[in-house]
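I record below what I looked up.

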Amino acid sequence: MKTRLAFVASIFLLVASPAAMGGQHQGWKKTSDIGVAVLLVSSLAVPAAQEDWQGFRQAAYSDALGEGVALLGKSLIHEERPNHMDDKSFPSGHATLAFAAVTTMYRRYGWQQGFPAYAVAALTGVARVEAREHHWWDVAAGAAFGIGSGWVMTHPINDRVQITPWVGDKGGGIALSMTF
């Protein structure tokens with residue numbers, strides 16, 4: 001319960017941040033920095049607080065794999081940022097790390113912790129675009145890489161209820177499975 005309240009408080013703080021700074025690019029940049037930090041710390045703090053050291057290890061591996069993929073992408077694909085600061089736009093490291101952390105929480109502990117955290121991750125991605133640090137496709141690719149690392153590196157602690165995304169030749173969707 002405390003964790004969910006912390007996520008809800010984080011969402012309100014993140015939403016208020018760009019508005020408090022006049023909605024300027026720097027406000028959005030700060031919002032994305034706070035969002036990724038909150039999610040990264042949460043992905044490690046939640047299992048540590050529960051003394052779930054296997055979950056802690058899985059979160060660390062997921063976060064590290066996501067960040068490694070983002071750094072590799074930036075070194076191989078030289079795409080200029082919208083603000084013209086450098087050519088390290090693809091993929092968004094913030095989005096990769098945010099979605100890796102969130103997917104780890106979702107996979108390990110279920111939708112109750114994962115769903116609110118996905119809202120923070122999405123806001124982090126939007127903030128990267130609004131700050132003119134990334135194009136939308138940089139954020140989308142980063143989110144996909146982060147989600148992938150979370151799914152590969154994390155195993156559920158309780159698999160009674162699972163919500164699983166799927167993609168096929170003619171569409172995609174979400175599958176809900178429950179064990180009684």
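**Helix α5 and its surroundings**

I began with helix α5, residues 111-130, which has 20 residues and reaches 28 Å from its first C-alpha to its last, close to the 28 Å expected at 1.5 Å a residue. The expected span is 1.5 Å times one less than the number of residues. Helices here are DSSP runs of H or I with at least four residues, numbered from the N terminus.

I noted that the model is predicted: local features need pLDDT of at least 70, side-chain atom pairs count only at pLDDT 80 or more, and totals for chains, interfaces and linings use all residues. Residues are numbered from 1 along each chain as its sequence is written, and side-chain values use heavy atoms, with hydrogens and water left out.

I then looked up which residues of α5 are buried (under 20% relative accessible area, with exposed over 50% and partly exposed in between; 1.4 Å probe, protein chains only). Among them are P116, V120, L123 and A127. An α-helix has 3.6 residues a turn, so residues three or four places apart point the same way.

**Backbone entries**

Just after α5, I found R132 with a positive phi of about 65 degrees, although R132 is not a glycine. R132 lies in the loop between α5 and α6 (136-153), and it counts as partly exposed because its relative accessibility is 37%.

I next turned to the loop between α3 and α4, where H84 is found. Phi of H84 is near 65 degrees, also a positive value in a residue other than glycine. H84 counts as exposed, at 55% relative accessibility.

Lastly, I checked P91, which lies in the loop between α3 and α4 (93-109). A cis peptide bond joins F90 and P91, with omega about -10 degrees.

Definitions and conventions: Helix = DSSP H or I, 4+ residues; strand = E, 2+ residues; numbered from the N terminus.
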